[in-house]
Amino acid sequence: MVEIESIIARGFSSNVFIVKGEKNFIVDTGLGDEMIDGIRGDVDCILLTHRHFDHTGNLEKMMELLDVPAYAYHLEAEALRKADDRTILSSSFGTRMPEIDVKDLNDNTFGGFEVIHTPGHTDGSICLYHRDEKILISGDTVFPGGGVGRTDLPTGDMVKLIDSVKRLKEYDVESIYSGHGYVVEEDGSRHIDLSLRNISYL
Ligand SMILES: [Zn+2]
């Protein structure tokens, strides 16, 4: 049984999810205090879908608040350890990222979810899939209603994004928790089909 509490963002922040199941973890930290206010208690760690500042701007604060480690795919973790402002996009937000000790995600499963490497929006973006519950946590790879993440930012790549969305199509998805926008509660695979149709057309 997996329960996901969603903190849906307004403005520039990403959404934040509190996942409770085999492991209790937070997906992405968002940006701004209002994304932290509802967060407390019993969490084992933070998992980042990718390095972008709208998903990681609260990372240092949240790690301190909860006293937990953070994980990301190794390419993203490395950028965050180096505080690579150019690819994190912190400079676009008019600020600098501190160097943060984010650990490499070494396994292809995480708390009962399969970790799917889905490069395209950034080169180390990931999605998480829960097979029994048919849940996809999609970061900025796909959005509800047939959207996809931008590929014109540093380390972005449209060809890779198309491949990644094709791979997501192979999963039987009911609900989608994406980095921006609303939560899809049913028929998630149809939204992924739409995303693929939209980019294949470009
Ligand atoms: Zn992003």
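**Close-up views of a predicted model**

**View 1. Ile 135 in its strand.** Ile 135 sits in strand E10, which covers residues 135-139; helices (H or I, at least four residues) and strands (E, at least two) are DSSP runs, numbered from the N terminus. This is a predicted model, where local features need pLDDT of at least 70 and side-chain atom pairs count only at pLDDT 80 or more, while totals for chains, interfaces and linings use all residues. Residues are numbered from 1 along each chain as its sequence is written. Ile 135 is buried, because 22 other C-beta atoms lie within 10 Å (buried means 20 or more such atoms within 10 Å of the residue's own, exposed 12 or fewer, and partly exposed in between, with C-beta atoms placed from the backbone). Leaving aside residues up to four places away in sequence, Ile 135 touches Val 2, His 130, Ser 175 and Tyr 177 (contact means C-beta atoms, placed from the backbone, within 7 Å). Look also for Ile 176: 41 residues separate Ile 135 from Ile 176 in sequence, yet their C-alpha atoms are 6.1 Å apart.

**View 2. Ala 72 in the nonpolar core.** The largest nonpolar core has 47 residues, and Ala 72 and Ile 137 have the most contacts inside it (such a core is a set of buried Ala, Val, Leu, Ile, Met, Phe, Trp, Tyr and Cys residues joined through C-beta atoms within 7 Å). Not counting residues up to four places away in sequence, the partners of Ala 72 are Leu 48, Arg 51, Ala 77, Leu 80, Val 102 and Leu 105.

**View 3. Helices H5 and H6 packed together.** Helix H5 (residues 158-168) packs on helix H6 (residues 188-200) at an angle of about 155 degrees, with the axes 9 Å apart. H5 is therefore roughly antiparallel to H6 (the term is for angles over 145 degrees). On the H5 side, Leu 161, Ile 162, Val 165, Lys 166 and Leu 168 meet Ile 192, Ser 195, Leu 196, Ile 199 and Ser 200 of H6. Seven of the residues in this contact are nonpolar, two polar and one charged (Ala, Val, Leu, Ile, Met, Phe, Trp, Tyr, Cys and Pro count as nonpolar, Asp, Glu, Lys and Arg as charged, and the others, Gly among them, as polar).

**View 4. Two loop residues with positive phi.** Asp 67, in the loop between helix H2 (59-66) and strand E5 (70-72), has phi near 55 degrees. Asp 67 is exposed, because 7 other C-beta atoms lie within 10 Å. Thr 155, in the loop between strand E12 (147-148) and H5, has a positive phi of about 70 degrees although it is not a glycine. Thr 155 is buried, with 21 other C-beta atoms within 10 Å.

Note on methods. Two residues are in contact if their C-beta atoms, placed from the backbone, lie within 7 Å. Axes are lines fitted to C-alpha atoms, for helices over the stretch in contact, and angles run from 0 to 180 degrees between N-to-C directions. Angles under 35 degrees count as roughly parallel, over 145 as roughly antiparallel, 65 to 115 as roughly perpendicular and the rest as oblique.
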